[in-house]
Amino acid sequence: MHDDELLTVPETMAHLKIGRSALYNLLRTRRLASLTIGRARRIPAHALADYVQRRLEEAAR
């Protein structure tokens, strides 16, 4: 996964091993950044990596 790569919703769900509702909840609450291109939602790979890193740091506290 490259930092400039844009992931689809199903790809992001697979990376995080979560369901569609859980992913859209992360997007809706802005805990995971995304962008819309036309009608397509895309998640930047660096935003996914940042989210995972933040969660790991929170878990270490």
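Biologist: What are the ground rules?

Modeller: The model is predicted, so local features need pLDDT of at least 70, side-chain atom pairs count only at pLDDT 80 or more, and totals for chains, interfaces and linings use all residues. Residues are numbered from 1 along each chain as its sequence is written, and side-chain values use heavy atoms, with hydrogens and water left out.

Biologist: Where does T12 lie?

Modeller: In helix α1, residues 9-16. Helices (H or I, at least four residues) and strands (E, at least two) are DSSP runs, numbered from the N terminus.

Biologist: Is T12 buried or exposed?

Modeller: Buried, at a relative accessible area of 0%. Buried means under 20% relative accessible area, exposed over 50%, partly exposed in between (1.4 Å probe, protein chains only).

Biologist: What is T12 in contact with?

Modeller: L7, L23, L32, I43 and L48, leaving aside neighbours within four places in sequence. Contact means heavy atoms within 4.5 Å.

Biologist: Which residues make up the largest nonpolar core?

Modeller: Twelve residues, among them L7, V9, M13, L16, I43 and Y51. A nonpolar core is a set of buried Ala, Val, Leu, Ile, Met, Phe, Trp, Tyr and Cys residues joined through side-chain atoms within 4.5 Å. α1, α2 (20-28) and α3 each give two or more residues to this core.

Biologist: Switching to the sheet. What is the strand order?

Modeller: β1-β3-β2, in an open sheet with antiparallel pairing. Two strands pair if DSSP finds at least two bridges between them. β1 (6-7) and β2 (35-37) stand at the edges with a single partner strand each, so one side of each has no neighbour in the sheet.

Biologist: How many bridges join β2 to β3?

Modeller: Three, and β3 spans residues 40-44. T36 has R41 in β3 as its bridge partner.

Biologist: Last one. Where is I18?

Modeller: In the loop between α1 and α2. I18 is partly exposed, at 27% relative accessibility. Leaving aside neighbours within four places in sequence, I18 contacts M13, L23 and L26.
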